[in-house]
Amino acid sequence: MTSQDASGEKQSSGPGSPGPGRVARFLGRPGGFAAAAGLATAVLMAVRIFLPGPVGMADNGDGPRRMCTLEAVTRLEPGSTPWWSYANFGYAHAEPGGCDPEAAYRSSGTWLLRAAQPLGHWLGLPGVVDLRALAVLFCLLAGLATAVFAAALRGGLPARSLICAALFAVVGDSVFAGYAASPYSEAAGLLGILAATAGAAHLGGSARARLGGLLVLTAGAVVAVASKTQSVTMAAPFAGLLLLTRVPLGRAAGAWASRVLPLCATAVILATGVVTLQWQTESFKVINPTEVVFVGLLGTSADPAGSAVELGLPADFAQYAGRSWWTPDPPQSDPRWPLVRDRMTYGNIAAFLLRHPGVAADIALGAVEDFDAARPTYLGSYPVGAGEPAGAQESRLTVFSALLRFLGGGTLLLIVLAVGAVGARRLRALRDDPRRRALVGAALCLAGITVAQFLTAAYGEAIEGVKHQVFSLFAAGLVLVVAAAAVCCAPRPAAVEGLPEPARREPERLPERVG
């Protein structure tokens, strides 16, 4: 039995044992809790991805364009297939001329691949790059981002632990985790959003914390925005958050001086969006709007011929309604294609949708169904050696997926919009509660990303809608976590900047009555 001293406190178990009290004190400090949360996330994420065997995501045909930036091609295991059914982790050197530089897909995802190359060699993995090394890097970076986020939390240990557990349940869900070991740039976008969220949580702390949070937010936003052309619209919510942010610049803490650094960060993020648009290969500047015209508009029109004429196409182009660029006998195979190619623009599409709001609404409703589906069913998770059927998908962690199924995609979107509306109304009232305001601002930014990415996926390309909703869905999950943190894990305003609580004063006594 453990003895107690006269004060009733339990004595230490001994000099060689840390004891529960010492562990509790360590976890009670923001830095200690952050380190523990980050380490736990990295380890649990690795367990979730690699045990009992590694999982990832099969290639849908986009992989070669991305891997061409490393001059690498898939190394197929015996019995595997290059597309759809099996995850292929290994990549070997391409033959001379095997990669077309003009078709290479440049994105921030390439930065992660290049970082994974030496890591893979250190782990003893063969080839130019191995996606299992990319998954290890994903685990480490997710743990680091979680540590940064956890350092911003205050309050009781149970509440902070539950918030970090909820964060892990979103990041590690089967909807998102498969991208960690995949040939897609979505992994970079997911990590960027997560890192930016972690940085934003510090924008209500001390001057040093705000500066560090701004740097992490900016780095995460740059990675997210540069991950693919679709993600460029994330720049607007990030910029909106930064326009509400103040970060003291040295001793200059005035209203204007404190906005200099956030404005510089905003300029960097917006410039990243412009550069990312320039990175898009010329062919896809035509391919993507062509998909919207023929699959999204003509493919769902009650009068394809009339819609074709309204879009500036010959009426008989209605024969290509519903046909993708990649299907047999596609629209670009028509001899008259050079004459109508200039009609494949988003400006032409937007003008058509403005004249037909019912069509725009139908597309939005279809996008809600894609959002609800959450995960494309046609991409396998296992390598061929796992012994799983072709196209089998793992379901090791599905807490967030279960919540989505319970609520429904439309309901989740409405909840996110409600959180955003409440957050926007509360920002001014929280001026004297900066830590809570920072978390509310982060939730508002994530709500903006949810909406921006939902609309981008809905109207930007009419194929693979479920896969394109991944950023919107991820941001929606983080909205719930950050909103809960704002309610449960923000300190009282008096303790925000490390100021002591005001001393309690006894009420002044009234003079006693005489006689």
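What follows is a set of questions and answers on a predicted model.

Visitor: How many aromatic pairs does a search of the whole structure find?
Guide: A pair of aromatic rings is described by the distance of the centres and the angle of the planes. Searching the whole structure for such pairs gives a count of 10.

Visitor: What is the geometry of the pair formed by W84 and Y378?
Guide: The ring centres of W84 and Y378 are 5.7 Å apart, and the planes make an angle of 70°. Planes over 60 degrees apart count as edge-to-face. The pair of W84 and Y378 is therefore edge-to-face.

Visitor: How many residues apart in sequence are the parts that W84 and Y378 tie together?
Guide: W84 is in the loop between β1 (72-74) and β2 (90-93). Y378 is in the loop between α16 (357-373) and α17 (399-407). The pair therefore ties together parts whose separation in sequence is 294 residues.

Visitor: Is W84 buried, partly exposed or exposed?
Guide: The relative accessibility of W84 is 37%. Buried requires under 20%, and exposed requires over 50%. W84 therefore counts as partly exposed.

Visitor: Which class does Y378 fall into, buried or partly exposed?
Guide: Y378 has a relative accessible area of 31%. The cut-off for buried is under 20%, and for exposed over 50%. That makes Y378 partly exposed.

Visitor: Which helices hold F371 and F454?
Guide: F371 and F454 form an edge-to-face pair, with centres 6.3 Å apart and planes at 75°. The two residues are 83 apart, so the pair links distant parts of the chain. F371 is in helix α16, and F454 is in helix α19 (residues 434-460).

Visitor: Is F454 buried or exposed?
Guide: F454 comes to 9% relative accessibility. The cut-off for buried is under 20%. F454 therefore counts as buried.

Visitor: How far is the charged end of R160 from the centre of the ring of F33?
Guide: Charges over rings include R65, whose charged end sits over F284 at 4.0 Å from the ring centre. The charged end of R160 sits over the ring of F33. Its distance from that ring centre is 4.5 Å.

Visitor: What is F149 in contact with, leaving aside its neighbours within four places in sequence?
Guide: F149 is one of the residues with the most contacts inside the largest core. With those neighbours left aside, its contacts are I163, L167, T197, A198, A201, L439, V482 and A485.

Visitor: What is T266 in contact with, beyond its neighbours within four places in sequence?
Guide: T266 belongs to helix α11 (residues 260-279). T266 is buried, at 8% relative accessible area. Beyond those neighbours, its contacts are A239 and L242.

Visitor: How many residues apart in sequence are the parts tied together by E394 and R48?
Guide: The salt bridge of E394 with R48 has its closest N and O atoms 2.7 Å apart. E394 is buried at 2% relative accessibility, and R48 is buried at 6%. E394 lies in the loop between α16 and α17, and R48 in helix α2 (residues 30-50). The sequence separation of the parts they tie together is therefore 346 residues.

Visitor: Which residues are linked with E186 in a network of salt bridges?
Guide: E186 forms a salt bridge with K228, with the closest N and O atoms 2.7 Å apart. Both E186 and K228 are buried. The network links E186 with K228 and K467.

Visitor: Which are the edge strands of the open sheet?
Guide: Three strands form the sheet in the order β1-β2-β3, with antiparallel pairing. Three bridges join β1 to β2. An edge strand here pairs on one side only. The edge strands are β1 and β3 (129-130).

Definitions and conventions:
Residues are numbered from 1 along each chain as its sequence is written. This is a predicted model: local features need pLDDT of at least 70, side-chain atom pairs count only at pLDDT 80 or more; totals for chains, interfaces and linings use all residues. Side-chain values use heavy atoms; hydrogens and water are left out. Rings of Phe, Tyr and Trp (its six-membered ring) pair if their centres lie within 6.5 Å; planes under 30 degrees apart count as stacked, over 60 as edge-to-face and the rest as tilted. Helices (H or I, at least four residues) and strands (E, at least two) are DSSP runs, numbered from the N terminus. Buried means under 20% relative accessible area, exposed over 50%, partly exposed in between (1.4 Å probe, protein chains only). A charge sits over a ring if NZ of Lys or CZ of Arg is within 6 Å of the ring centre and within 35 degrees of the ring normal. Contact means heavy atoms within 4.5 Å. A nonpolar core is a set of buried Ala, Val, Leu, Ile, Met, Phe, Trp, Tyr and Cys residues joined through side-chain atoms within 4.5 Å. A salt bridge is a side-chain nitrogen of Lys or Arg within 4 Å of a carboxyl oxygen of Asp or Glu. Two strands pair if DSSP finds at least two bridges between them.
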